[in-house]
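Thank you all for coming; I would like to take a few minutes to walk through a structure with you, and I will go from the packing inside one chain out to the contact between the chains.

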2 protein chains.
Amino acid sequence: MHRGGWLESPSIAFETWGTLRGKGDNAIMVFTGLSPSAHAASSVENPAAGWWEEMIGSGLPLDTDHYFVICVNSLGSCFGSTGPASIDPLTGQRYRLKFPVLSLEDVAEGGYIVAQHLGLEKLHTTIGCSMGGMSALGFCVRHPGFSDGVILISSATRALPFSIAVRSLQREMIRQDPKWLGGNYDPSDPPITGQRLARKLGMITYRSAKEWEQRFGRERVTAEGHAGDPFHSEFSIESYLEMHAVRFTGQFDPNCYLYLSRASDLFDLAEHGGSLKSGFSKLKLSRALVIGVETDILFPLHQQQQLAEGLSAVASEVRFVPLACIRGHDSFLVDMDAFRPVICSFFETCGI
Amino acid sequence: MHRGGWLESPSIAFETWGTLRGKGDNAIMVFTGLSPSAHAASSVENPAAGWWEEMIGSGLPLDTDHYFVICVNSLGSCFGSTGPASIDPLTGQRYRLKFPVLSLEDVAEGGYIVAQHLGLEKLHTTIGCSMGGMSALGFCVRHPGFSDGVILISSATRALPFSIAVRSLQREMIRQDPKWLGGNYDPSDPPITGQRLARKLGMITYRSAKEWEQRFGRERVTAEGHAGDPFHSEFSIESYLEMHAVRFTGQFDPNCYLYLSRASDLFDLAEHGGSLKSGFSKLKLSRALVIGVETDILFPLHQQQQLAEGLSAVASEVRFVPLACIRGHDSFLVDMDAFRPVICSFFETCGI
């Protein structure tokens, strides 16, 4: 592991779409945000819609008629890859907080192991969204030249204190839930209250005030069944948060969440060489595309600008596309009409 | 009470500075944000620094050599005014959640009762900061013409869904603390964990990402005494939040916080007549000053713009001053050098 410790026989879960050509000439590797699985798109084996269903497939921007697309479940997550919720083969017990400190460089290394497993000697493009953009940077800095291009979406060279504050508070919400039990919770009775609160704070930072002003305003919900509770959900925005919190809870292991959240705070491209400049200088890339969203408060637009400027020093073709989407950080998941043409145009110029 | 119910013999705590002239010709009434007491400035009776110490006093913008300044502790609060933590004289028990629904119109009425008690027939100016700006609007709409001028600082005609979401989550943090006990907590053992979390979220929305980027960046704290806790505070921003949370906890009664927080969500000038336009039309004012801060995410600048535009239809002299302070919503408490000259210039043109 990047910051010490090691794992016995870890697993990395991944899915692929399309057909591999050569030793990776048409291979695209996707690193995810904090919570998604490797199931980015539906497939014969798993027909359920994936988290980037409208982006990956025949005729879509990541066109599986031409490209071989790989999506990796982050090391430390709980959807098939080894993480704090996994059984340590050396003890027969879950790792829990005995899992070593997780870094996004380890997540990146998970992707590299998958590439090796598939016999790849190169990648056409590495793509990372949100936290995954930092994992993609980690991949490119540790394996310079392995990937020819990179697409970084709503990401950063490193977290700013606002984002660290938000994530630190989310972690504290989970850790303060009496059911967390210092990480030793019963998996069938996890700290869902803390998870619910953390998810609500997540939603507050994933979307935008502007979207909510247009979408909800001061719209009310009916107060049925709330007699006697002076603090029930009265505004639509409150029931919207509640709906998202309920939907998320139970899907994600709390300790895995804590480790990945902390890893997002810790990543810093500047640690690779002592400065951002030297971190960028370690990259070997032909093409880069950086996309950001004006209303993103978690990975704000000036961080995308910084990424694009840093990449310009080391890649010959760098395009920075700021989007005026109003749905904030989550736009890459929900505002496909804005993102698709930008990503399409990147691959068109690559000429596969 | 504005939304039903009533209180038996409520108290309203207030402090005054300077000397009253006439029936209120030189009287300024200050409505506070959610958490401050009436102790806005030091005095002979209480020499401790007040929350607006650098604004109120001899030679300061609210110049006590010329003006008679009154600051009111909001009804529903816990610093002398009747609130959920007070004893209901009819039962001998604390009100707790039996306190009627609190509205900022009730807070405004608390100020009016103080004015009557002091024999005032008019006010020179009503001032409100943050939530207090909405209380000041409530005061002016319920008593048109009583106050000749108004100064609204980092406030709004009504809360937007982003702010409602933040406050709703803060309330849930407190209510989910097992020690809250449905509002029936032991006053000597209150739900401080929930309060700590709520205060941290407060700080995240009271300051600005830009300030923190400049002030903290990715600065680390020493990790002494944290061996074995993989989630200890590592970044300075985390210990900064912790320091603020610890400082606040124990100062404010949790149920009072819940009521005032909810009242902030509920206030809507448009309820006074059916639309914002008709709400504004009920005001009778000569002068208005609206101040906002570019980096405020809780009461964003476009809400100050809306206030100024609405007031322009009903007051002859309206000034809107957007400030480029970087410390967000809290700027009116911590960036005195920016606010003092603006408020000074308002009173200079009034000619007392």
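At roughly what angle do the axes of helix 1 and helix 2 of chain A cross, and within what distance do they come? Before I answer, please keep in mind that this is a predicted model. The axes of helix 1, residues 104–117, and helix 2, residues 131–142, of chain A cross at roughly 70 degrees and come within 8 Å, and that angle makes helix 1 of chain A roughly perpendicular to helix 2 of chain A. The crossing of these two helices is right-handed. On the side of helix 1 of chain A, the contact is made by L104(A), E105(A), V107(A), A108(A), G111(A) and Y112(A), while helix 2 of chain A brings M131(A), M134(A), S135(A), G138(A), F139(A) and R142(A). Sorted by class, that contact of helix 1 with helix 2 of chain A holds seven nonpolar, three polar and two charged residues.

Let me turn to the sheet in chain A. Seven strands form an open sheet with mixed pairing, and their order is 1-5-2-6-7-8-9. Strand 1, residues 14–17, and strand 9, residues 317–323, of chain A each have a single partner strand, so these two stand at the edges, with one side of each left without a neighbour in the sheet. On average, and ignoring direction, neighbouring strands of this sheet are turned by 15 degrees against each other. Within the sheet, strand 7, residues 147–153, and strand 8, residues 287–293, of chain A pair in the parallel sense over five bridges, and I151(A) has L289(A) in strand 8 of chain A as its bridge partner. Helix 11 of chain A, residues 336–350, lies across strands 7, 8 and 9 of chain A, and runs at about 175 degrees to strand 8 of chain A.

What order do the strands of the open sheet in chain B take? Here seven strands are arranged as 1-5-2-8-9-10-11, again with mixed pairing. Strand 1, residues 14–17, and strand 11, residues 317–323, of chain B are the edge strands, each with a single partner, so one side of each is left without a neighbour in the sheet. In chain B, strand 9, residues 147–153, and strand 10, residues 287–293, pair in the parallel sense over five bridges, and the bridge partner of L152(B) in strand 10 of chain B is V290(B).

Helix 3 of chain B contributes V166(B), L169(B), Q170(B), M173(B), I174(B) and Q176(B), which meet residues of helix 4 of chain B including L197(B), A198(B) and L201(B). By class, the contact of helix 3 with helix 4 of chain B has seven nonpolar, six polar and no charged residues.

Now for the two chains together. The contact takes 40 residues from chain A and 40 residues from chain B. Helices 3, 4, 5, 6 and 7 of chain B each supply at least two residues of the side of chain B that touches chain A, and helix 3 of chain B gives the most, with twelve residues. That side of chain B divides into 25 nonpolar, four polar and eleven charged residues.

One helix pair across the contact deserves a mention: helix 3 of chain A, residues 161–176, packs against helix 6 of chain B, residues 236–248, at an angle of about 60 degrees, with their axes 9 Å apart. These two helices are therefore oblique to each other, and their crossing is right-handed. P161(A), I164(A), A165(A) and S168(A) meet I237(B), E238(B) and L241(B) there, which gives five nonpolar, one polar and one charged residues by class.

The same surface serves both copies, with 100% of the contact residues of chain B recurring in chain A.

Methods: Residues numbered from 1 in each chain as written. Chains lettered and ligands numbered in written order. Predicted model: local features only at pLDDT ≥ 70, side-chain atom pairs only at ≥ 80, totals over all residues. Pairing = 2+ DSSP bridges. Helix = DSSP H or I, 4+ residues; strand = E, 2+ residues; numbered from the N terminus. Axes fitted to C-alpha atoms, helices over the stretch in contact; angles between N-to-C directions. Contact = placed C-beta atoms within 7 Å. Parallel < 35°, antiparallel > 145°, perpendicular 65-115°, else oblique. Left-handed = near helix turned anticlockwise from the far one by under 90°. Nonpolar A, V, L, I, M, F, W, Y, C, P; charged D, E, K, R; others polar.
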